[in-house]
Amino acid sequence: MSEVSASHADRRELTAAQRNAVAELLRVSPVADELGRRFARAGHELHLVGGSLRDALLGRLGEDLDFCTDAHPDETIRILKGWAESIWETGREFGTIGAQRDRLQLEITTFRAEAYDQVSRHPVVEYGTNLIDDLKRRDFTINAMAVSLPEHRFTDPYGGLDDLAAKVIRTPGTPRESFGDDPLRMLRAARFAAQLRFQVHPDAHAAMTQMAADLDRISAERVRDEFTKLLCGADPVTGLRLLVDTGLADRFLPELTGLKLTIDEHAQHKDVYEHTLTVVSNAVSMEEDGCDFILRMAALMHDVGKPATKAVGPDGRVSFHHHEVVGARLTKARMKALRYPKDITAQVVKLVALHLRFYGYGRGEWTDSAVRRYVADAGDLLPRLHKLTRSDCTTRNRRKAAALAADYDALEERIARIASEEDLARVRPDLDGNAIMELLGVPPGPLVGKAWQYLKELRLERGPLDRDEAEAELLRWAREQGVRD
């Protein structure tokens, strides 16, 4: 393995740790050197670039490797044939060819001198001729470094290494030029702040604030994808604060900024915006296996109905009656506008609608029937609802917080007890549709559905019934409905 060396374009020396990081990436990925030799034999350059190199320098080795080359797509395919286990061309219009080798996902992109349509902001791909120009058109300096293969020359013309060490997000050129080329980079800056726990450079922050309205030119799908990555970052709260502080949130998620309710001295209530960010942070701490986007999004949106429902009573107390209902409606509309899949949206909306259901349990008002309905209404989302409800407790009053936690512990224990006696996971009537039709002597139709729903409500209210009880109740209901004499 050759030692990583600095190129003439960058005279700064790599630290020992950084040398080791890049060397380790290449050591565990001999595929990279093999590929580099194939390109060299064909008379072309190949460089490891972008997020792959950045993550290597941060000590995060992944299985997705990004390369750039002076070879055009047709030539790249020719070099890959007979070596790659599979090749795909879905990114060909952007000069990118994908391949797989030894469980590694490889993307090889022709040098670009990228320009943007100043109306649509869609990239207009023009092939470049050299590495330096290719690096210059990249979004941030920490993504504008390269290691040549197989020689392992390190190229960093825009100070990415220094910014990586300082944990700063900065653009290779001026922020206005960079964000003017592609406004999505403003949202990407916030995303990297959330993922890497880095700070956005003041110049970039100022440009994001001044140019926030340019984000309107970006498609909802591209905004959605970047926002999802931000919310799934290691520190989503930092990214969310950036969105609000720069005005970017106003362009695609105004409900977040709207949580900054005016708090007057005569009608005190907790800061809903700060409370929401705390709930998001709490939800992250309760995850068990990586990012749970549905839980995080529900935590973010759970109180968005409060601004529209805020009311001050005669006693000066602030209330937000039915804010969960309004919040669920707003959440559905916002996620639809961002083109989230319907199934994902439905789950987030349901959690927002249910997040207040628990409150009142500690007053001893819940019957077994109420517990059954809580479980039935939550369905498969019950584990997430547990986490969301616990995350929503942000009071600084230790006694109150302890009481709420104890109440929820008691509810979960009660759910477990009832579940051990009944099949709470699949609450359904004690008689199925066929039995209903046979007993009532009716054909398939709306009446059967009404009878089934009645029996389900009875099941939730009283628990399991034996066959004779269920039949007697159905016949009684039928007489009341005028179905039987």
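In the predicted model, helix α11 passes helix α14 in a right-handed crossing. Helix α11 comprises residues 236-246 and helix α14 residues 272-285, and their axes come within 9 Å and cross at roughly 150 degrees. Because angles over 145 degrees count as roughly antiparallel, α11 is described as roughly antiparallel to α14. On the side of α11, the residues that meet the partner helix are P236, V237, L240, R241 and V244, and on the side of α14 they are Y273, E274, L277, V280, S281 and V284. By class, the residues of this contact divide into 8 nonpolar, 1 polar and 2 charged.

The crossing of α8 and α10 is left-handed. Helix α8 contributes L184, L187, R188, A190, R191, A194 and Q195, which meet R222, V223, E226, F227, K229 and L230 of α10. The contact of α8 with α10 has 7 nonpolar, 1 polar and 5 charged residues.

Both helix pairs were considered within the protein chain as a whole. The chain has 24 helices and 14 strands. Of its 485 residues, 48% count as buried. Among contacts between residues at least 6 apart in sequence, 65% join residues at least 24 apart.

In soluble globular proteins, nonpolar side chains tend to be buried together. In the present model, the largest nonpolar core has 107 residues, and those with the most contacts inside this core are F67, F227, L240, L243 and L300. Helix α8 gives the most to this core, with 9 residues. Of the residues with the most contacts in the core, F227 belongs to the α10 side of the contact with α8, and L240 belongs to the α11 side of the contact with α14. For L243, leaving aside neighbours within four places in sequence, the contacts are with L187, A190, F227, L230, L248, A249 and F252. Among these partners of L243, L187 and A190 lie in α8, while F227 and L230 lie in α10.

In α19 (residues 368-378), the buried residues are S369, V371, R372, Y374, V375 and A378. An α-helix has 3.6 residues a turn, so residues three or four places apart point the same way. Just after α19, G379 takes a positive phi of about 55 degrees. Helix α20 (residues 382-391) is mostly covered, with 7 of its 10 residues buried. The buried residues of α20 are L382, L385, H386, K387, L388, T389 and S391.

K167, in the loop between α6 (160-166) and β11 (168-169), has a phi of about 60 degrees. K167 has a relative accessible area of 47% and is therefore partly exposed, since exposed means over 50%. R197 likewise has a positive phi of about 60 degrees and is placed in the loop between α8 and β12 (199-200). With a relative accessibility of 51%, R197 counts as exposed.

A further backbone feature is the peptide bond from L149 to P150, which is cis, with omega near 5 degrees. P150 is located in the loop between β9 (146-148) and β10 (153-155).

Finally, G449 lies within helix α23 (residues 446-462). This glycine, G449, is partly exposed, with a relative accessible area of 41%. The C-alpha atoms of G449 and I436 are separated by 9.4 Å, the two residues being 13 residues apart along the chain.

Note on methods. Residues numbered from 1 in each chain as written. Predicted model: local features only at pLDDT ≥ 70, side-chain atom pairs only at ≥ 80, totals over all residues. Heavy atoms only, no water. Left-handed = near helix turned anticlockwise from the far one by under 90°. Helix = DSSP H or I, 4+ residues; strand = E, 2+ residues; numbered from the N terminus. Contact = heavy atoms within 4.5 Å. Nonpolar A, V, L, I, M, F, W, Y, C, P; charged D, E, K, R; others polar. Core = buried A, V, L, I, M, F, W, Y, C linked by side-chain atoms within 4.5 Å. Buried < 20%, exposed > 50% of the residue type's maximum accessible area, 1.4 Å probe, protein only. Axes fitted to C-alpha atoms, helices over the stretch in contact; angles between N-to-C directions. Parallel < 35°, antiparallel > 145°, perpendicular 65-115°, else oblique.
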